[in-house]
Structure formats: C-alpha cells, structure tokens
Amino acid sequence: MSTTSNSECVAVVGLGLLGRGIVACFLAHGFRVIGIDRSATQHAEACQQLGVMMGELVELGGFAPTLKDEWQTGYIAAQDFENVKECSFIVESVTEDIAAKEAVFDELESRLSPSIVIATNTSAIPISQLQQRRKVPARFVGMHWAEPAHATRFMELVRGAQTSDETLRVTAAMARRLGKEPCVCQKDIPGFIVNRIGYAMYREAMNIMQSGVADAATIDTAMRNAFGLWASVCGPLRWIDITGGPALYAKAMSHVVPSLSASPDVPKPIQKLADDGACGITNRRGFYNYTEEEARHWEELYRKHAWRVTKLQNEYFPLKQTT
Ligand SMILES: NC(=O)c1ccc[n+]([C@@H]2O[C@H](COP(=O)([O-])OP(=O)(O)OC[C@H]3O[C@@H](n4cnc5c(N)ncnc54)[C@H](O)[C@@H]3O)[C@@H](O)[C@H]2O)c1
C-alpha cells in the first residue's frame, strides 16, 4: 500500500462545499493536488474560495505567508480523470448519491493501481454498500471530514465490511499528516459516530418542539449555552465524569430515557420543511427565515468560530507532529 510524501500528488474529486476545503487542507500541508469536478462553474467558485481559504490558513492557522502566493503552483484543476494515475491517495467528495459516487469509482478503478487508497467523504451512505460493486473493495474506506475542512480537527474514518487493516493504517497516517485527529468507526453503522449521536439529538429537539415544550429559538439558546460550552473540550462521556459521574447520571437517566422519542420516522417538523424545499441559509429558509445579510452573518460567524475553537483545542490538546 502506498503512503504519500509531501512531494506526492493526491486527487480530490468533487469541488463543492466540502471538496474545496479538503483541497485547501492538502495544499497547506505541502501536497500537490489534482482537483476534479465536471462543472466549470464549480471550478471557478472553488478557485476563488481557495484563495480565501489560503488567506485564513496563513492569518488564522499559522501557516507560512508564502502559501498565499504559492498554492497555485501545486494545484491542477481538471474536468476529467486523465492525470489521476500519478496520485497516491484519493478523496472522493461528490454529491451524496450512490450512482454519482459509483460513476466516479468506475473512472478511478480503471486508472489506478490496486494499492491506492480511495477514501469517500460520504456522510451517510454505508461504506460496505459502496464496496459491493468494486474490483478491489479492500482499498475503500470512509474519510468523513467536517466543514470548514481546512480548519477543523475532526475526522472520522469508517471501516467498511471489506476495508483492509492496511487501508485504515494508511488513511489514519494521512489524516494525522493533515493535522486531523482521526477517530475510527470500527463498524459501518448508519450515521457513523458523530452524525448518529447528532441525529438522536435532532430528533429529540424536534420532539420537544412538536410537543409544545419550547420553540426553536428557545431550544437553540438553551443548547448553545449548555452543550456549546463544553462540547469542544470534552465528549458526552467525560462530561458525565466531570459533572457528577455515572452514579448521578444513571439515576437521572432512569427518569428521562423512558420518555425520549423512540419514533423511527423522520420527525414531522423537518419533513414538512424539507418538502417545502427549505435548504437553510443556502436559500434562506429553514427553522428560521433569513435575510441575505443574516444568512451571510451565520455563515461567517460559524467560520470565524471554527477557527477560534480549533485554536483553543490546539492550545488545550496539542496534536503530535507527524511528518
Ligand atoms: N456539506 C457538509 O457539511 C458535509 C460534511 C461532511 C461530508 N459531506 C459529504 O461530502 C460530499 C460532498 O458534499 P458537498 O456538500 O461538498 O456537496 P456539493 O453539492 O457542494 O458538491 C458536490 C460536487 O460534486 C461534483 N460532482 C458530482 N458528480 C460528479 C462527477 N461524476 N465527477 C466529478 N464531480 C462531480 C459537483 O459538480 C459538485 O461540485 C457528500 O458525500 C456529502 O454527504 C458533506
């Protein structure tokens, strides 16, 4: 199995919201990158955004100022897969759709040596399902990034039913070289670790809303001031340990857990909004309505916050340097 050195070339397929940040992250860590997308418009937007991200990486992420002027020398924009055979690692980040991802895998498999890892950034498609039609399923692995991908330390690696130990080892080493903190999900369950826990929370938030206990703004304010305070320092299990411990929480849970929503359905409040085409700040309609200015405010506030939290996490929990 190949591992990359900093003069090596990687490919990122799909230059949407996530793919652009993934490209920026590889470039900042010294890799040459082929960015592949079939849409010329997406290429133009990605290039413009890459410039902005390089500025952030220098100004907020502590990368060398030369990155701002030099990143373009390491970047190749492509609309086809022709040059992919020189790459030693691939990240697929196209539309969340099985057919779209399989079409990309067909292209990659016909050009790459069987030892090259193909990591998919799917949010929810089972890796085992994506492996089913592949010639070399052992080299496929989930590599789940978080937005903004060039700033966050988050990374989930997902072992599909046929993923080899070597593929996971190579991918984890790559993640660490990119300044990420890889967390391995050893079983391919829907939602992996973080989204699965997140969806349980979103379902309960809507249950509370639907049953008239609190409206969206009240739920959001309470969560921001509670989870928002501790969630970047510790996870839910350590949070239990530092605020009373299992003895206290087990007692409290016995009163609350039986009343939690156990419905297997997508909750009505979100289904109705989805049916009405609400895409959140993208089209300014979601649980809240947004003016253009408000939508931009939330987008910028989150990006700024992600950098500040990452800085704090780096201060509290320094990452080990890898080469
Ligand atoms: N949005 C998030 O916060 C988030 C977080 C983690 C993971 N993901 C996952 O990352 C992936 C990409 O998400 P996104 O939000 O960046 O999507 P997006 O819709 O913004 O971008 C998808 C890109 O893929 C391109 N594309 C589609 N088919 C292609 C093909 N056959 N060849 C080349 N390019 C193709 C499109 O032109 C587009 O630029 C999805 O699997 C998504 O579930 C998203």
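Residues are numbered from 1 along each chain as its sequence is written, and side-chain values use heavy atoms, with hydrogens and water left out. Because the model is predicted, local features need pLDDT of at least 70 and side-chain atom pairs count only at pLDDT 80 or more, whereas totals for chains, interfaces and linings use all residues.

**Exercise 1. The ligand shell**

Determine which residues are closest to the ligand, which polar contacts they make with the ligand, and how much of the ligand the protein buries.

Solution. 

Step 1. The ligand is surrounded by 20 residues, and the closest are D37, Q42, E96, K101 and S123.

Step 2. The shell is sorted by residue type, with Ala, Val, Leu, Ile, Met, Phe, Trp, Tyr, Cys and Pro as nonpolar, Asp, Glu, Lys and Arg as charged, and the others, Gly among them, as polar. This gives six nonpolar, ten polar and four charged residues.

Step 3. Polar contacts are pairs of N or O atoms within 3.5 Å; within protein, one must be able to donate a hydrogen and the other to accept it, and residues adjacent in sequence count only if both atoms are side-chain atoms. E96 places a polar side-chain atom 2.5 Å from an oxygen atom of the ligand. L17 contributes a backbone N or O atom, 3.1 Å from a ligand oxygen atom. In the side chain of R38, an N or O atom is 3.4 Å from a nitrogen atom of the ligand.

Step 4. Accessible areas come from the Shrake-Rupley method with a 1.4 Å probe; for residues, only the protein chains shown count as cover. The ligand alone exposes 840 Å², of which the protein buries 78%.

Step 5. Helices (H or I, at least four residues) and strands (E, at least two) are DSSP runs, numbered from the N terminus. Those giving two or more residues to the shell are α1 (17–28), α4 (98–109) and β6.

**Exercise 2. Helix α12**

Describe the span of α12, and state which of its residues are buried and what they pack against.

Solution. 

Step 1. The expected span of a helix is 1.5 Å times one less than its number of residues. With 25 residues, α12 reaches 36 Å from its first C-alpha to its last, close to the 36 Å expected.

Step 2. Buried means under 20% relative accessible area, exposed over 50%, and partly exposed in between (1.4 Å probe, protein chains only). The buried residues of α12 are A295, R303, A306, W307, V309, T310 and Q313. These residues pack against α2 (40–59).

Step 3. R303 counts as buried because its relative accessibility is 17%. Contact denotes heavy atoms within 4.5 Å. Leaving aside neighbours within four places in sequence, R303 is in contact with Q49, V52, M53, E56, P148 and H150.

Step 4. One of these partners, P148, lies in the loop between β6 and β7 (154–158). A cis peptide bond, with omega about -10 degrees, joins E147 and P148.

Step 5. T310 is buried because its relative accessible area is 6%. Its side chain reaches the backbone oxygen of A151 at 3.3 Å. Not counting residues up to four places away in sequence, T310 touches A151, T152 and R153.

**Exercise 3. From β8 to α7**

Trace the chain from C185 in strand β8, through F192 in the following loop, to helix α7.

Solution. 

Step 1. C185 is found in β8 (residues 181–185). At 5% relative accessibility, C185 is therefore buried. Beyond its neighbours within four places in sequence, C185 is in contact with L157, V158, R159, F192 and I193.

Step 2. F192 belongs to the loop between β8 and α7. Although F192 is not a glycine, its phi is positive, about 55 degrees. A relative accessibility of 2% makes F192 buried.

Step 3. Helix α7 (residues 194–210) has 17 residues and reaches 24 Å between its first and last C-alpha, close to the 24 Å expected. Its buried residues are N195, G198, E204 and M206. Their cover includes β6 (140–145) and α11 (268–275).

Step 4. After α7 comes G212, with a positive phi near 75 degrees.

Terms used:
A residue is near a molecule or strand if one of its heavy atoms lies within 4 Å of it.
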